[in-house]
Amino acid sequence: SAKCGNARMTTDVPSAYPNAHMREDMPMVYMRLDPAVTRLIVSHHQNWRRHVLDDGSCVVKIERALYGLIESAKLWYEEFTGFLKNLGFVPNPYDPCVLNLKYKGERCTLVLYVDDCFVDCHNPEALDYVEEKITEKYGGCTRTDGDVLPFVGMLFDFTQPGVVRVDMPKYIEDAISGLESATPAETPAALDLFAVDESAELLAT
């Protein structure tokens, strides 16, 4: 990207997982809603009252990939990459989270990490196209352009032509701030590391 002087952006799909549906061939998943949530639902949907249990809760069947479910990450990946494939993107055979699209003769590359995308193309119109299609499908996305782009906790700095600098300032700051209460020590080992309790019961003979 830096060497070719490409245009680039990062995007994020809000509330990504629930856009994917539970598949019919998967085991059904049920969730118990506590009384407070049940009362809130019943106040807006009176027909739910017949489903309320004696303890005030109710049990519902999960139809979408909610956050916290084991299946959700894979379901979202299948949903989003299926959408991208319909646009013409082709997954990289060595890394299925990297997809390429031929856009007006130029290669557009999209790197996917859960719901975050890094999109790169020599033709900046490709970025607008990808953002437009994501917005049409999922109701919007956050977009960041520029020479310094955040992506999955990292900062990609393209300020210097032909060079990209990758930094993690927030991670470094947090690591350093955690050392403020630390005290010097000659060794990380405890003082009793090599102490032997002769009276202890043998673990094996």
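This is a predicted model: local features need pLDDT of at least 70, side-chain atom pairs count only at pLDDT 80 or more; totals for chains, interfaces and linings use all residues.

**Exercise 1. Placing H122**

Find where H122 lies, decide whether H122 is buried, exposed or partly exposed, and list what H122 touches.

*Solution.* 
- Step 1: Start with the chain. H122 sits in the loop that links β7 (116-121) to α3 (125-138).
- Step 2: Turn to accessibility. The relative accessible area of H122 is 44%. Buried needs a value under 20% and exposed a value over 50%, so H122 is partly exposed.
- Step 3: Look for contacts, leaving out residues up to four places away in sequence. H122 touches C4, G5, N6, A7, E106 and R107.
- Step 4: Now pick out the polar details. The side chains of H122 and N6 are joined by a polar contact of 3.2 Å. The H122 side chain also reaches the backbone oxygen of C4, at 3.5 Å.
- Step 5: Compare sequence with space. S1 and H122 are 121 residues apart in sequence, while their C-alpha atoms are 8.2 Å apart.

**Exercise 2. Two helices crossing**

Describe how α2 (residues 72-87) and α3 cross, and say which residues meet.

*Solution.* 
- Step 1: Read the geometry. The two helix axes, of α2 and α3, come within 11 Å and cross at roughly 125 degrees.
- Step 2: Name the arrangement. That angle makes α2 oblique to α3.
- Step 3: The crossing of α2 past α3 is right-handed.
- Step 4: List the partners. From α2 come W76, E79, F80, F83 and L87, and they meet Y129, K133, I134, K137 and Y138 of α3.
- Step 5: Sort them by class. The contact of α2 with α3 holds seven nonpolar residues, three charged and no polar ones.

**Exercise 3. A residue in a strand**

Is L112 buried or exposed, and which residues does L112 touch?

*Solution.* 
- Step 1: Locate L112 in strand β6 (residues 106-113).
- Step 2: Check the area. L112 has a relative accessible area of 5%, so L112 is buried.
- Step 3: Set aside residues up to four places away in sequence. L112 then touches Y77, F80, T81, C97 and C117.

**Exercise 4. Positive phi angles**

Work out where S15 and V114 lie and what their phi values are.

*Solution.* 
- Step 1: S15 belongs to the loop between β1 (7-12) and β2 (30-33). Its phi is near 45 degrees, a positive value in a residue other than glycine.
- Step 2: V114 belongs to the loop between β6 and β7. Phi of V114 is near 60 degrees, also positive in a residue other than glycine.
- Step 3: Finish with accessibility. S15 is exposed at 54% relative accessible area, whereas V114 is partly exposed at 38%.

How values were computed:
Residues are numbered from 1 along each chain as its sequence is written. Side-chain values use heavy atoms; hydrogens and water are left out. Helices (H or I, at least four residues) and strands (E, at least two) are DSSP runs, numbered from the N terminus. Buried means under 20% relative accessible area, exposed over 50%, partly exposed in between (1.4 Å probe, protein chains only). Contact means heavy atoms within 4.5 Å. A polar contact is a pair of N or O atoms within 3.5 Å; within protein, one must be able to donate a hydrogen and the other to accept it, and residues adjacent in sequence count only if both atoms are side-chain atoms. Axes are lines fitted to C-alpha atoms, for helices over the stretch in contact, and angles run from 0 to 180 degrees between N-to-C directions. Angles under 35 degrees count as roughly parallel, over 145 as roughly antiparallel, 65 to 115 as roughly perpendicular and the rest as oblique. A crossing is left-handed if the near helix is turned anticlockwise from the far one by less than a right angle, and right-handed if clockwise. Ala, Val, Leu, Ile, Met, Phe, Trp, Tyr, Cys and Pro count as nonpolar, Asp, Glu, Lys and Arg as charged, and the others, Gly among them, as polar.
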